[in-house]
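The following report describes selected features of one protein model. The sequence and structure are shown first.

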Amino acid sequence: ESEKDLGLYTDEVLSWSIHIEKSVNKAKSVIGWVKRSLICRNKFVMINVYKSLVRPHIEYAVQAWNLPAVHGNWRQILLLEDVQRSFTRLIDGIGILPYHTRLKKLQLTTLLERRMRSDLIETFKITTGKVDYGEGLFRLSRSGKNILKDKRGDRIISNRVANYWNKIPGWVKECDTVETFKARLESYKQDTIESGASSQGHFWDLSEILLSKINNCDHEAYEIFMLTNPKIAKYKGVNVT
């Protein structure tokens, strides 16, 4: 049996499976409403609908239940990602493109990467005293810059985020406001990618891991099939216009 408290569902073994499934179902019911009711599906309208009506369902209190990208969690991670994959297929001009291409055109990241970014932001808030909760969650190194793991497992935010937090340079962490931290984190990501430097172990590396697990069939054949079978494309929720 599951219990609901403060909008979160959990069970006797503190599993978040039920909460994730219910959240995904809520998000997909909104996508179903969009399919039935929304005529204008240009990028500007759709991305605002997605960010305001769909994505909040699968990101509520995410720091409490975010799943580490390890064996045993991938079914649920891909289930969450499928919400964004399904919605972006509905958008004019890009619905038939591969998922990674749709993300680039919409300036989105995978939900897996976005959740870890959210963990990093929450870590910054807690470790710098910007909030009055969570102080006992983190064990910091003597310098105060790195996070030390403990034996509580990867489901707790401090252990889940440690490796990614410790890869971030000091100039990103040493800032006065949350908005500055967000801006520096994004700047560090873009500079590292553009320089061609090794990004292995950084939080954005999660996107590549996830995309490698998505079944990428012969996409050219897929496009031809959908374009020549518009009724099937409509049934599958793929916008071929």
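## Contacts of a helical serine

Ser-86 is in contact (heavy atoms within 4.5 Å) with Lys-28, Ile-31 and Gly-237, leaving aside residues up to four places away in sequence. Ser-86 lies in helix α4; helices (H or I, at least four residues) and strands (E, at least two) are DSSP runs, numbered from the N terminus. Because its relative accessibility is 17%, Ser-86 counts as buried, a term that means under 20% relative accessible area with a 1.4 Å probe and protein chains only.

The model is predicted: local features need pLDDT of at least 70, side-chain atom pairs count only at pLDDT 80 or more, and totals for chains, interfaces and linings use all residues. Residues are numbered from 1 along each chain as its sequence is written, and side-chain values use heavy atoms, with hydrogens and water left out.

Confidence is expressed as pLDDT, the predictor's per-residue score from 0 to 100. The protein has a mean pLDDT of 91, and 97% of its residues reach 70 or more.

| Element | Residues | Mean pLDDT |
|---|---|---|
| Helix α11 | 219-228 | 75 (lowest) |
| Helix α2 | 43-54 | 97 (highest) |

Helix α4 (residues 74-88) also packs against helix α10 (residues 205-213), at an angle of about 95 degrees and with the axes 11 Å apart. Axes are lines fitted to C-alpha atoms, for helices over the stretch in contact, and angles run from 0 to 180 degrees between N-to-C directions. In this contact, Trp-74, Ile-77, Leu-78 and Glu-81 of α4 meet Ile-209, Leu-210 and Lys-213 of α10.

Notes: Buried means under 20% relative accessible area, exposed over 50%, partly exposed in between (1.4 Å probe, protein chains only).
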